[in-house]
Amino acid sequence: MSEHSPTIPDGGPTMKITVFGATGGVGREVVRQALDAGHEVTAVVRDPARLDVPAHDRLRVAVVADLTDEEALLPVLAGRQAVVSALGPANNKQARLTPIAGPALRAIVSAMDRAGVSRLSAVSAAPLAPELPEDGVLTKVVVYPLLRRLLRDLYADLAVMEAAIGASRTEWTVVRPPRLLNRPRTGAYRRALDANVPGGKVIARGDVADALLSALSDPAVAGHALGVAA
């Protein structure tokens, strides 16, 4: 699989979506694109002031202080059809001190089961994918080992997250991007099922958001990791 993966176009099927990590770079793009596509969005935040998205009649902002509290999660999942997680540690130090993605997703998938929400897409990272035979020697011997050493706590948090998602009863898709660029959606990116995109080094945050939303309506990627790259 290697193709452009557009969001659901105007006039297509719409959903009620809960977005976790809505104040991050990818999360804000998910909220904006989901609203543009006609979806009804519940943006889960800790600080509403950080959600740089204009008010909208299909946008509900919900404050949840502790994403590991299942009881607090149930109200933001009730009546929803899908969940997008853009959660992740901001840096390796934060992941070492306070892992975010793993503990939160353990609670989220459990709360989704209780609330009857089945579809989930979540952002992870390319270094968690198996190495490709066509990866160059530099990538195999230097780049990935260096990244995995320098960012070991960050990737450990994401690995716990992926394990929790994979063990859940959700219809999940994990999206694994390489280095993120602070750019809007282009629609011109490649996908690879259960692998990284060959030669894929970067991708716009807007395109990662596009991939997360597109996965929700694509049964072919349910139960799989999806590599994405420009």
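The stops below cover a pair of helices and then the nonpolar cores of this predicted model.

**Stop one: the helix pair.** Select residues 25-36, helix 1, and residues 205-215, helix 7. The two pack with their axes 8 Å apart, at an angle of about 60°.

**Stop two: the contact.** Show side chains on both helices. From helix 1, pick Gly25, Val26, Glu29, Val30, Gln33 and Ala34. From helix 7, pick Arg205, Gly206, Val208, Ala209, Asp210, Leu212 and Leu213. These residues make the contact. Colour them by type: seven are nonpolar, three polar and three charged.

**Stop three: the largest nonpolar core.** This core has 32 residues. Which of them touch the most other members? Select Ile17, Val19, Val30, Val31, Val84 and Leu212. Next, trace the elements that give two or more residues: strand 1 (16-20), helix 1, strand 2 (40-45), strand 4 (82-85), helix 7 and strand 10 (224-229). Helix 7 gives the largest share, six residues.

**Stop four: Val31.** Centre the view on Val31. Leaving aside residues up to four places away in sequence, Val31 touches Val19, Ala22, Val41, Ala43, Val53 and Leu59.

Definitions and conventions:
Residues numbered from 1 in each chain as written. Predicted model: local features only at pLDDT ≥ 70, side-chain atom pairs only at ≥ 80, totals over all residues. Heavy atoms only, no water. Axes fitted to C-alpha atoms, helices over the stretch in contact; angles between N-to-C directions. Helix = DSSP H or I, 4+ residues; strand = E, 2+ residues; numbered from the N terminus. Contact = heavy atoms within 4.5 Å. Nonpolar A, V, L, I, M, F, W, Y, C, P; charged D, E, K, R; others polar. Core = buried A, V, L, I, M, F, W, Y, C linked by side-chain atoms within 4.5 Å. Buried < 20%, exposed > 50% of the residue type's maximum accessible area, 1.4 Å probe, protein only.
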